[in-house]
Amino acid sequence: MKFTFWLSLFIVFYTFLGYGILLYFLIKIRRSVKGKRPIPEVDFQDLPTCTLVIAAYNEEGFIREKISNTLQLAYPEGKLDILFVTDGSNDRTPDIIGEFPQLKLMHRPERSGKIAAVHRAVEQVHTDVIVFTDANTYLNKEALITICRHYADPKVGAVAGEKRVMAGEEADASAAGEGFYWKYESTLKKWDSELYSVVGAAGELFSVRKSLYQPVSKDAILDDFMISMLIAEKGYRIIYEPEAYASETASADVSEELKRKVRIAAGGIQSIIWLKGLFNIFKYGTLSFQYISHRVLRWTITPFLLILAFILNVLIALQPEELLFQLLLLAQILFYLMAFIGYLFEKKNLRIKILFIPYYFCVMNYAVLAGIIRYFRKQQSAVWEKAKRKE
C-alpha cells in the first residue's frame with residue numbers, strides 16, 4: 001500500500017512539477033555542451049511567403065477589431081495573404097470582412113465545423129508558410145516576422161506562438177488561474193523547444209510549412225494539436241516562439257473555463273489514441289519522452305492517481321505511529337480545503353488570489369476525468385461551441 005502511495009505521489013509530482021525541474025537541468029546540461037540554440041537571422045525581405053488563416057464564426061462584435069489588428073501586422077509587401085473563412089456564420093461577420101478588399105474571404109452558409117473550414121481554406125493556399133490564429137485574439141505587430149524566420153532552418157516543420165491571457169488585478173479564479181497556468185506552460189514550452197521540440201501547438205497562434213500540412217479527420221477534437229504533432233511525427237521540430245503572441249481575455253467564469261478544459265481533455269484522449277505510435281521511444285527518442293511527460297500523463301492517469309493517493313493516505317494514516325503519513329494527509333486536506341474555499345469565494349465574487357491556484361488545479365483535473373468520460377461515451381462533438389469570454 002505504501003509503495004503504491006509513493007509511486008502515485010511521485011507520478012503526480014513529476015507530472016506537474018518534476019518534469020519542469022528535470023527539463024531545467026537538461027537544458028543547463030545541453031547549453032554547457034552544445035551552447036544555446038541559435039535563432040535564425042533572416043533579412044526582412046528574405047522572409048518566406050505567408051498566408052494568415054483566420055477562422056471566424058459569428059464574430060460581428062469583435063471582427064472589426066480583429067481586422068484592424070491584422071492589418072497592422074508587419075511583413076514584407078507582397079509576401080503576405082490574409083484569408084478569413086466564415087463557414088456557418090449567420091450574422092454580419094462575412095459582410096464586415098467583405099468591406100476590406102485587401103482581405104480574402106471564403107464563406108459558406110452551412111456550418112461543417114472549424115477543421116472542415118480550415119481544410120477548405122488551406123486548399124487555396126499557395127505560400128510557403130501558413131499561420132493560423134483565432135478570431136478573438138490580438139497578435140503583436142512583429143508576430144509573423146518572429147514566427148516565419150524560423151523556417152530558414154529546414155528541420156523546423158511548425159512554429160507555435162505564445163498564448164497570453166489578459167487578467168487584471170481584479171481577476172477572478174478563471175482569469176487568475178488560467179493566466180498563471182499559461183505562464184507556467186509557456187516556460188515549459190520554451191524549455192521543450194530548446195531541448196528538442198514543443199509537444200503540439202494551440203490554435204490561438206501556430207504555423208506550419210505548407211508542404212507538410214496534412215489534413216486531419218473532421219472528427220478531430222484538437223485539430224491544431226493533431227496537425228502539429230503529425231508534422232513532429234515525420235521528424236520535424238516544432239519551435240516555440242514567445243516573441244510572437246496572441247492575447248485574449250480569460251473565460252467569462254470558471255464554468256466556461258471548465259467546459260473548455262473538458263473539451264480539451266476529451267480531445268487529449270482522442271489524440272493519444274490516434275498518436276499511439278509516439279510511445280515508441282526507440283523510434284522517436286526525445287520526442288516520445290517529452291510527449292509522455294508533458295501531455296500523456298496529464299491527460300490519462302494523473303487525475304486518477306490524485307484520488308488514489310488521497311484514499312491510500314487516509315488508510316495508512318489510520319494506522320498507529322504513522323506520523324509522516326498523518327502529516328501528508330493533513331497537507332492534502334488543507335490543499336483541498338483551500339480549493340473548496342476558493343470555490344465558495346468565487347461564487348460570492350470575493351478576490352483572494354492565493355486560493356485561485358488550488359481551485360483552478362482541481363478544476364483542471366476534474367475536467368480531465370470528465371473529458372475521458374465524455375470521449376468514451378461519444379458525447380464530445382468536434383464542432384467548437386463559441387465560448388463566452390470576459391469583456
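## A guided look at this predicted model

Residues are numbered from 1 along each chain as its sequence is written, and side-chain values use heavy atoms, with hydrogens and water left out.

### Around Thr127

Thr127 is found in the loop between α4 (114-122) and β4 (129-134). Helices (H or I, at least four residues) and strands (E, at least two) are DSSP runs, numbered from the N terminus. With a relative accessible area of 10%, Thr127 is buried. Here, buried means under 20% relative accessible area, exposed means over 50%, and partly exposed is in between (1.4 Å probe, protein chains only).

The side chains of Thr127 and Thr51 are joined by a polar contact of 2.8 Å. A polar contact is a pair of N or O atoms within 3.5 Å; within protein, one must be able to donate a hydrogen and the other to accept it, and residues adjacent in sequence count only if both atoms are side-chain atoms. Leaving aside residues up to four places away in sequence, Thr127 touches Thr49, Cys50, Thr51, Asp81 and Lys210, where contact means heavy atoms within 4.5 Å.

Cys50, one of the residues touched by Thr127, is buried, with a relative accessible area of 0%. Cys148 is buried as well, at 1%. The structure holds zero disulfides, a disulfide being a pair of cysteine sulfur atoms within 2.5 Å.

### A covered strand and a covered helix

Strand β7 (residues 205-209) is largely enclosed by the rest of the structure, because five of its five residues are buried. In a regular strand the side chains alternate between the two faces of the sheet. Both faces of β7 are covered: Leu205, Ser207 and Arg209 are buried on one side, and Phe206 and Val208 on the other. β7 pairs with β4 in the antiparallel sense over five bridges; two strands pair if DSSP finds at least two bridges between them. Thr133 has Leu205 as its bridge partner in β7.

Helix α7 (residues 223-233) is mostly covered too, with ten of its eleven residues buried. Among them are Phe225, Met226, Ile227 and Leu230. After α7 comes Gly235, whose phi is positive, near 100°.

### Aromatic rings

Rings of Phe, Tyr and Trp (its six-membered ring) pair if their centres lie within 6.5 Å; planes under 30 degrees apart count as stacked, over 60 as edge-to-face and the rest as tilted. By this rule the count comes to 20 aromatic pairs. Here are two of them:

| Pair | Centre to centre | Angle between planes | Arrangement |
|---|---|---|---|
| Tyr14 and Tyr19 | 6.1 Å | 65° | edge-to-face |
| Phe62 and Tyr138 | 5.3 Å | 65° | edge-to-face |

Phe62 counts as buried at 16% relative accessibility, whereas Tyr138 counts as partly exposed at 27%. Tyr14 and Tyr19 are both buried. Elsewhere, ring pairs link Phe16, Phe310, Phe335, Tyr336 and Phe361 into a cluster.

The charged end of Arg111 sits over the ring of Tyr57, 4.0 Å from its centre, and Arg164 lies over the face of Tyr245, at 3.6 Å from the ring centre. A charge sits over a ring if NZ of Lys or CZ of Arg is within 6 Å of the ring centre and within 35 degrees of the ring normal.

### Two loop residues with positive phi

Which backbone angle stands out in Asn58, although it is not a glycine? Asn58 has a positive phi of about 50°. Asn58 is in the loop between β1 and α2 and counts as buried, at 18% relative accessibility. Glu321, also not a glycine, has a positive phi of about 60°. Glu321 lies in the loop between α11 (302-317) and α12 (323-347) and is exposed, with a relative accessible area of 80%.

Definitions and conventions:
Predicted model: local features only at pLDDT ≥ 70, side-chain atom pairs only at ≥ 80, totals over all residues.
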